[in-house]
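Visitor: I would like a guided tour of this model. Please keep it brisk.

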Amino acid sequence: GLEICLDHAEGQLCRHLGGETVDVQLIVSAGMSIPTGPVCTAPGGLVFLSDGFAHTELSFNSLGLGTRAFPLPNGSGKSYNVGMVYGADAFVGLQQWIGDTIDTYAGYGFGARVPGSGTLPGGSAVSGPTGVKFAQVSALGDDWKNQISGFYDVVDYVQAQEIDRGLEDSVKAFLQKENVSTNALVEKEHAPMFPTVDIYGPLRVPSASRGTQ
């Protein structure tokens, strides 16, 4: 099943299905997340979101309760019970890199999070793998900025790159000051600051008994 942006928030697909389910639910949007609207896959069914704000998500609707919503504490709306949501964007990658670097250096982290919480969908070197195969590749190559400037606002990527470089330089300087090997600096490939194609899978859907993957 396919939904476009506001279709998902309004629950158009689930309403059209009338209680039936789909194997895979696809959402394309600009400013949306999977829990924003109802999910009508069978338990374990795949839900993918590709958002124009440089963000992707995956959910398995693990309990099959994706059509049930609960109000948000701030009263701004509701969230649907879609289970764990694995998300990817430049901010998540940067957060993962900072957390893994601190943990690698100090030997201790903050909190006890399951893999996929605060990390990219595949997990991280410190938190461990999620079991979801995930990769990111450059969508437009090294010339990405010239290709989309004038068509799309690139200021978020530009500023993210500047902050990213500043953080990396600061961490390297700190490690040198502490006489710590830069091996404690987790590889920066985990935090791409440019448009990417996010690749999830391969993943098996509930209808896999019919040979579908």
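The questions and answers below cover confidence, the sheet, the cores and the aromatic pairs.

Visitor: What is the mean pLDDT of the protein?
Guide: This is a predicted model: local features need pLDDT of at least 70, side-chain atom pairs count only at pLDDT 80 or more, and totals for chains, interfaces and linings use all residues. Residues are numbered from 1 along each chain as its sequence is written, and side-chain values use heavy atoms, without hydrogens or water. pLDDT is the predictor's confidence in each residue, from 0 to 100. Here 92% of residues reach 70 or more, and the mean is 88.

Visitor: What is the bridge partner of Thr56 in strand 7?
Guide: Strand 4 (residues 55-59) and strand 7 run antiparallel, joined by four bridges. The partner of Thr56 is Ala88.

Visitor: How many residues make up the largest nonpolar core?
Guide: A nonpolar core is a set of buried Ala, Val, Leu, Ile, Met, Phe, Trp, Tyr and Cys residues joined through side-chain atoms within 4.5 Å. Buried means under 20% relative accessible area, exposed over 50%, partly exposed in between (1.4 Å probe, protein chains only). Members include Leu58, Ala88, Phe134 and Tyr200. The total is 12.

Visitor: Is Tyr200 buried or exposed?
Guide: Tyr200 lies in strand 11 (residues 196-200) and pairs with Phe48 of strand 3 (residues 41-51), 152 residues apart. Phe48 is partly exposed, at 22% relative accessible area. Tyr200 has 14% relative accessibility, so this residue counts as buried.

Visitor: What is the angle between the planes of Phe48 and Tyr200?
Guide: Rings of Phe, Tyr and Trp (its six-membered ring) pair if their centres lie within 6.5 Å; planes under 30 degrees apart count as stacked, over 60 as edge-to-face and the rest as tilted. Ring pairs also link Phe134 with these two into a cluster. Phe48 and Tyr200 are edge-to-face, 6.1 Å centre to centre, with planes at 65°.

Terms used
Two strands pair if DSSP finds at least two bridges between them. Helices (H or I, at least four residues) and strands (E, at least two) are DSSP runs, numbered from the N terminus.
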